Amino acid sequence: MATKIHPLTSDKTTPFFLKPALALSSFAATAAMAATDLPGGPAYNQLNLPIGVTKISQDQSWLHWYMLVICTVVFIAVFSVMFYSIWKHRKSKGHKAATFHDSLTVEIAWTLTPFLIVIAMAWPATKTVIAMKDTTNSDLTIKATGMQWQWGYDYIRGEGEGIGFISALDKEQRLLSNQGGPKSGMSVNDYLLKVDNPLVVPVNKKVRLITTANDVIHAWAVQSLGVRQDAIPGFVRDTWFRAEKEGDYYGQCAELCGKEHAYMPIHVKVLSQENYSKWVLAEKAKSAPAAVKAEEKAEVKPASKIEAAAS
Amino acid sequence: MYINARACFTRYSSSHHALKMYKSVSKRISNTVFSVFIALTAYISSGNLAQAQDIKGDAANGKAKNAMCIGCHGIVGLQASFPEIHKVPKISGQSGAYIVAALQAYKNGDRKHPTMRGIAKSLTEQDIHDLAAFYTDHGVDNRPALGKQPNIEPNANVEALLKKGGCVACHGENYAKPIAAAYPKIAGQHADYLYVALKAYKTEKNPVAARNNPVMVGMVKQYSLSELKEISKYIGSLNGDLVTISQTRFK
């Protein structure tokens, strides 16, 4: 990618009052050069919700459009009636106000219609909210602890139990931000989203996420997973997701939590079951090599027993 | 039966007396032992320091790495809510070796504080030394020179408490010139933070809010919490080297 510098910003003859605007436009131009879509994260020029990789996030996208359509229809209907009435019955035309009183039909209509609309909106929304809150029968339980300004992950139950680490923004990117962000020509797709230790989970498994915090309220939010849950100090809240596609998904702390709030990204790495098991073994070998070997042996034994029983 | 009980009582009372005698003697001995212990710890920690000085801190690098520090320690009057509400300690002007020691203690769990642990764990030894080098000299030009004596005399009660612990023996002249670099300057530190810190040394078996530095744990044992509060109030009211410096709004 060639670097494109706005010809006017470097021009010394540009009037001073035009410089900020030109600098801004050149900044936008260079930003446009550098940025491309980040799969699982923000897309270039993204305006809408992403269509995620969990049932919940797909439901959310659908609800979002559904509500928008209803709102638009109601808006157009109400405003067209209103403007028509204002226009058609304006004073200059000499219209006299109607004098009817107590129309039962009208009253039933304007009570029933909003009621039905609200039900039509609330029914599917409530269904999704109830599904979001159903954290039972999870395959894996992970605790996410928000702290100023990093995320701590502890694998509490399921495969990988006992693993725990802290996930912080890549230090180079933090420094880059101090220096004013990526320079023109730099291609940093995961700018301020790259972490040292991503949260690793298996694909197609129900992951229950318990959120809490050490100091102030944070929020764990990953759009592609359809999850956003406050992490509150002294409380635990839970949520869940079941990623249906392998890949990397990105999010950020979504509750203003202090100076470095913008610098506590979330990176969820969804692996195949096989690769996840490999990751778990590697991670356990890092912390306690002896214990893992013992566990491996213990795991081998029952398997051979089953084989023996089968034969 | 009666005689037996009587004998028991006598035995008990005499042993009680002996215990008292033993306690008063042992207190004197233990005081001596304790000061030797302190001196020894100071010696050892200065030895540690010599080792640690293999890693040279660079203040300029530290300045580039302190984004997370500023978030709390660089906001004047900011209060933290854990484990109870207190002002975030002043670290600008603190002794560098102490900052290193404190961060290492957070890292290895000698000091339990979940957020500081998280931060310390994500720092390398080099980062820790760079940050320490930066904060030692931070705001050094604006510091008023300290006199030989504390600028406020303690009242009789506090004076007795301070004497009992011999705080000045380690934290040094004015409570701002510690005898070993790895000990903190405490004069002028926020009183409510000092209290929280002292209380943490008294706290046992709390997985998230305790400190286990053996010298300080021994020290705070002799005080009640209200006495610790008195001490904190006095030391917090003194002039010292410590300050909180806001980040400049301009780059």
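Helix H5 of chain B is largely enclosed by the rest of the structure, because seven of its eight residues are buried (buried: 20 or more other C-beta atoms within 10 Å of the residue's own; exposed: 12 or fewer; partly exposed: in between; C-beta atoms placed from the backbone). The structure is a predicted model, in which local features need pLDDT of at least 70 and side-chain atom pairs count only at pLDDT 80 or more, whereas totals for chains, interfaces and linings use all residues. Residues are numbered from 1 along each chain as its sequence is written, and chains are lettered from A and ligands numbered from 1 in the order in which they are written. Helices (H or I, at least four residues) and strands (E, at least two) are DSSP runs numbered from the N terminus.

The buried residues of H5(B) are B:Pro114, B:Thr115, B:Met116, B:Arg117, B:Gly118, B:Ile119 and B:Ala120. Their cover includes S1, S2 and S3 of chain A, together with helix H3 (67–73) and H4 of chain B. H5(B), residues 114–121, lies across strand S1 (140–147), S2 and S3 of chain A and runs at about 95° to S1(A). Axes are lines fitted to C-alpha atoms, for helices over the stretch in contact, and angles run from 0 to 180 degrees between N-to-C directions. Two residues are in contact if their C-beta atoms, placed from the backbone, lie within 7 Å.

The contact between the chains takes 14 residues from chain A and 14 residues from chain B. On the side of chain A that touches chain B, the elements giving two or more residues are strand S2 (150–157) and helix H4 (171–178) of chain A. By class, this side of chain A has five nonpolar, five polar and four charged residues (nonpolar: Ala, Val, Leu, Ile, Met, Phe, Trp, Tyr, Cys and Pro; charged: Asp, Glu, Lys and Arg; polar: the others, Gly among them).

In chain A, five strands form an open sheet of mixed pairing, in the order S3-S2-S1-S5-S8. Strand S3 (164–167) and strand S8 (237–241) of chain A are the edge strands, each pairing on one side only. Neighbouring strands of this sheet are turned by 25° against each other on average, direction ignored. Two strands pair if DSSP finds at least two bridges between them. Strand S5 (residues 207–213) of chain A pairs with S8(A) in the antiparallel sense over five bridges. A:Arg208 stands opposite A:Trp240 in S8(A).

Chain B contains eleven helices and four strands. Of its 251 residues, 36% are buried. Among contacts in chain B between residues at least 6 apart in sequence, 77% join residues at least 24 apart.

The largest nonpolar core has 67 residues, of which A:Val201, A:Leu209, A:Leu225, A:Val268 and B:Ile99 touch the most other members. A nonpolar core is a set of buried Ala, Val, Leu, Ile, Met, Phe, Trp, Tyr and Cys residues joined through C-beta atoms within 7 Å. Helix H4 (residues 96–108) of chain B gives the most to this core, with eight residues. Not counting residues up to four places away in sequence, B:Ile99 touches B:Ile91, B:Gln94, B:Leu131, B:Ala132 and B:Tyr135. A second, separate core of 21 residues includes B:Leu146, B:Leu161, B:Tyr175 and B:Tyr201.

Most residues other than glycine have a negative phi, and most peptide bonds are trans. A cis peptide bond joins A:Gln148 and A:Trp149, with omega about 0°; A:Trp149 is in the loop between S1 and S2 of chain A. Another cis peptide bond joins B:Phe82 and B:Pro83, with omega about -10°. B:Pro83 lies in the loop between strand S1 (79–80) and strand S2 (86–87) of chain B. A:Asn137 has a positive phi, near 55°, and is located in the loop between helix H3 (104–133) and S1 of chain A. A:Asn137 is exposed, with 8 other C-beta atoms within 10 Å. Phi of B:Lys205 is also positive, near 55°. B:Lys205 is found in the loop between helix H9 (191–202) and strand S4 (210–211) of chain B and counts as exposed, with 5 C-beta neighbours inside 10 Å.

Chain A averages a pLDDT of 84, and 81% of the residues score at least 70; pLDDT is the predictor's confidence in each residue, from 0 to 100. Among the elements of chain A, helix H1 (residues 19–34) has the lowest mean pLDDT (49) and strand S4 (residues 199–202) the highest (96). Over residues 1–15 of chain A the pLDDT is below 50, and this stretch has 21 contacts in the model beyond near neighbours in sequence.
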